[in-house]
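Work through the exercises below with the sequence and the model open. Try each task before reading its solution.

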Amino acid sequence: MTAAVGTLALPVAVGAVWGAVRGVVEVGPAAVDVALPGSVSPSAAEASAPGAERKRQLDAAVRRIMREARVPGVTVGLWMPGKDSYVRSFGVADQRNGLPMAPDLYMRIGSETKTFTVTALLQLADRGRVSLDDPIGIYIDGVPGGSRITLRQLAGMRSGLFNYSEDEGFVKALTSDPRRSFTPQQLLGYSFGHPVLFRPGRKFDYSNTNLILLGLVVEQVSGQRLGDFIRQNILQPAGLDHTLLPAGADFPGPHAQGYTNQTASGKVEDATDWNPSWAWAAGAMISDMRDLRVWARTVATGTLPGRTPLIGPALQRQRLRALPTTVPGAGYGLGIFDVNGWIGHNGSLPGYESLTVYLPSAQATLVVLLNTDIRHDGQEPATLFGEAITKIATPGHVFRLPERPPAG
């Protein structure tokens with residue numbers, strides 16, 4: 001399977017954007033007006049107001065993707081200076097009772113977790129506790145080629161380490177019991193049984209193994225559990241009160257139910273209570289629309305909402321130095337991508353997908369949260385929403401990730 005920028009999925013194509021997985025989910029078509037700060041409900045009085053046509057276009061685009069990709073529920077937030085904010089929820093959060101989708105629901109955010117884990121690493125580097133050019137072997141024993149693989153290469157997806165989530169034994173263990181718990185050491189064991197794929201630094205290869213190692217480094221150097229370090233040093237300073245790295249399958253409410261066909265049988269199942277410990281530092285976090293709106297700008301600029309630095313400017317520049325990937329038009333920095341100017345990350349794991357990005361040239365923020373990871377014609381639905389929305393909102397900067405990378 002081919003690993004891709006920003007995703008964390010399972011089991012048929014664990015970690016891959018482009019593997020086609022088929023499934024059918026009934027769609028609730030209704031849109032729910034919401035009241036996030038700056039949002040505007042489309043009342044009759046606004047039908048002829050400036051920006052009304054843009055809202056209609058966005059509504060139509062979101063509904064089209066929902067219909068084509070059979071998405072149960074989605075919330076979209078788009079904020080651009082000088083234009084009405086667009087914050088809308090469509091469809092259902094729970095297919096059993098028809099509970100409508102809403103922006104205040106907690107959602108699993110998959111590989112967006114990587115932006116938090118790498119931020120934690122950069123904060124330790126900022127404090128002189130680690131150097132990004134330290135070899136991982138200084139901190140973790142038993143890493144194949146660990147004396148040559150640097151923390152920078154791990155954060156930039158250029159280590160050459162095999163992606164544990166593509167190991168057949170791991171996939172079998174997970175799909176046979178998706179509620180089981182995995183330790184970081186167990187996850188690394190699935191990776192380390194494979195040879196290193198290439199000389200460190202030679203090319204880009206998206207691997208969740210890299211982030212498990214970085215999570216362990218943060219814990220070892222800080223003396224804290226990863227979730228505690230992230231909460232105290234990132235979430236609390238940024239005011240992200242609805243974001244967390246859960247212990248096991250913990251999932252605060254209210255939350256949307258998540259639907260997946262990445263199951264042992266291939267049938268669609270409710271994955272809400274599946275244990276995300278297998279993703280840990282690479283993809284187990286939970287958040288909501290309000291927090292991700294703040295985080296989009298924070299991680300892209302390196303500054304907290306009060307303009308206090310989250311990390312120093314020099315390290316932020318290093319974070320954003322996006323090197324080429326296997327994906328045309330997309331570069332990857334340190335735990336963050338740049339797709340045609342949009343900076344951030346996406347996420348996918350069973351039942352949920354997300355996209356949180358910031359466009360510095362327009363000071364625009366886009367957040368998309370949905371409760372399925374079932375692909376449509378090989379494409380992840382979060383990517384389809386991102387492309388359709390940015391074609392309308394920022395036609396010069398369309399968020400586009402192709403179905404498949406070029407050969408080679």
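Contact means heavy atoms within 4.5 Å. Helices (H or I, at least four residues) and strands (E, at least two) are DSSP runs, numbered from the N terminus. This is a predicted model, in which local features need pLDDT of at least 70 and side-chain atom pairs count only at pLDDT 80 or more, while totals for chains, interfaces and linings use all residues. Residues are numbered from 1 along each chain as its sequence is written, and side-chain values use heavy atoms, with hydrogens and water left out.

**Exercise 1. The chain as a whole**

Task: State how many helices and strands the protein chain has, and what share of its residues count as buried.

Solution: 
- The protein chain has 11 helices and 14 strands.
- Buried means under 20% relative accessible area, exposed over 50%, and partly exposed in between (1.4 Å probe, protein chains only).
- By that rule, 59% of the 408 residues in the protein chain are buried.
- Among contacts with a separation of 6 or more, 68% are between residues 24 or more positions apart.

**Exercise 2. The faces of H10**

Task: Find which residues of helix H10 (residues 313–320) are buried, and which elements they pack against.

Solution: 
- Leu315, Gln316 and Arg319 are the buried residues in H10.
- Viewed down the axis of H10, these buried residues fall within an arc of 105° (taken from the directions from the helix axis to the C-beta atoms), so they line one face of the helix.
- An α-helix has 3.6 residues a turn, so residues three or four places apart point the same way.
- Pro313 and Arg317 are exposed, on the other side of H10.
- The buried residues of H10 pack against helix H2 (113–126) and helix H9 (289–301).

**Exercise 3. The packing of H5 and H6**

Task: Describe how helix H5 (residues 184–192) and helix H6 (residues 208–222) pack.

Solution: 
- H5 and H6 meet at an angle of about 140°, and their axes are 10 Å apart.
- Axes are lines fitted to C-alpha atoms, for helices over the stretch in contact, and angles run from 0 to 180 degrees between N-to-C directions.
- That angle makes H5 oblique to H6, given that angles under 35 degrees count as roughly parallel, over 145 as roughly antiparallel, 65 to 115 as roughly perpendicular and the rest as oblique.
- From H5, the contact is made by Pro184, Gln185, Leu187, Leu188, Ser191 and Phe192, and from H6 by Thr209, Ile212, Leu213 and Leu216.

**Exercise 4. Backbone details**

Task: Identify the peptide bond that is cis, and give the phi of Gln363 and of Asp377.

Solution: 
- The bond from Gly253 to Pro254 is cis, with omega near 0°; Pro254 lies in the loop between helix H7 (226–238) and strand E6 (259–260).
- Gln363, which is not a glycine, has a positive phi near 50°, and is in the loop between strand E13 (352–359) and strand E14 (364–370).
- Asp377, also not a glycine, has a positive phi of about 50°.
- Asp377 is in the loop between E14 and H11 and counts as exposed, at 61% relative accessibility.
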